[in-house]
Amino acid sequence: QVQLVESGGGLVQTGDSLRLSCAASGRASTIGYMAWFRQAPGKEREFVAGVTWSSSTTYYADYADSAKGRFTISKDNGKNTVYLQMNSLEPEDTAVYSCAARRGSPSRIGYTYDYWGQGTQVTVSS
């Protein structure tokens with residue numbers, strides 16, 4: 001089992017930045033890929049960004065079009081933590097952001113993930 005705990009959400013204004021963190025515990029060595037998803041009120045959950053987890057695996061990062069150029073996903077294997085740096089935030093970025101982990105290869109599909117955090121609220125005011 002793997003446990004994921006997010007932190008770093010909050011209320012910011014348009015143009016501000018936030019950094020989300022997701023700490024993994026338990027059998028983190030079984031993780032192959034980690035990602036951030038978000039879900040806004042009344043909308044479906046969507047993929048934001050993902051990164052290969054193991055340091056022995058070829059590094060690969062993937063971004064949704066809405067995140068490219070503004071968001072950066074990174075990881076610290078020593079701390080078992082993945083980050084999402086979000087810059088130039090817009091009201092449309094308001095959502096609950098959740099990190100997720102899967103044992104397999106990169107995926108943008110939420111139901112293929114094995115573990116989920118509880119989510120952290122990000123609210124961007126105009």
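Rings of Phe, Tyr and Trp (its six-membered ring) pair if their centres lie within 6.5 Å; planes under 30 degrees apart count as stacked, over 60 as edge-to-face and the rest as tilted. With that rule in hand, meet the aromatic cluster of this structure: F37, F47, Y113 and W116 belong to it together.

A word on the source: this is a predicted model, in which local features need pLDDT of at least 70 and side-chain atom pairs count only at pLDDT 80 or more, while totals for chains, interfaces and linings use all residues. Residues are numbered from 1 along each chain as its sequence is written, and side-chain values use heavy atoms, with hydrogens and water left out.

**The aromatic pairs**

The whole structure holds four aromatic pairs.

| Pair | Ring centres apart | Angle between planes | Type |
|---|---|---|---|
| F37 and Y113 | 5.2 Å | 80 degrees | edge-to-face |
| F37 and W116 | 5.1 Å | 50 degrees | tilted |

Strands, by the way, are DSSP runs of E with at least two residues, numbered from the N terminus. F37 sits in strand β4 (residues 33–39), whereas Y113 is in the loop between β9 and β10 (115–116), 76 residues away. W116 lies in strand β10, so its pair with F37 ties together parts that are 79 residues apart in sequence.

How hidden are these rings? Buried means under 20% relative accessible area, exposed over 50%, and partly exposed in between (1.4 Å probe, protein chains only). F37 is buried at 2%, and Y113 is buried too, at 6%. W116, with 29%, is partly exposed.

A charge sits over a ring if NZ of Lys or CZ of Arg is within 6 Å of the ring centre and within 35 degrees of the ring normal. R45 has its charged end over the ring of F37, 5.9 Å from the centre, and R102 lies over the face of Y113, at 5.7 Å from the ring centre.

**The sheet and the disulfide**

Two strands pair if DSSP finds at least two bridges between them. Four strands make an open, antiparallel sheet in the order β1-β3-β8-β7. Its edge strands, β1 (2–7) and β7 (71–76), each pair on one side only. Between β3 (residues 18–26) and β8 (residues 81–86) there are six bridges, and A23 has T81 of β8 as its bridge partner.

A disulfide is a pair of cysteine sulfur atoms within 2.5 Å. C22 and C99 form one, with their sulfur atoms 1.9 Å apart. This pair links strand β3 to strand β9 (residues 95–102), across 77 residues, and both cysteines are buried.
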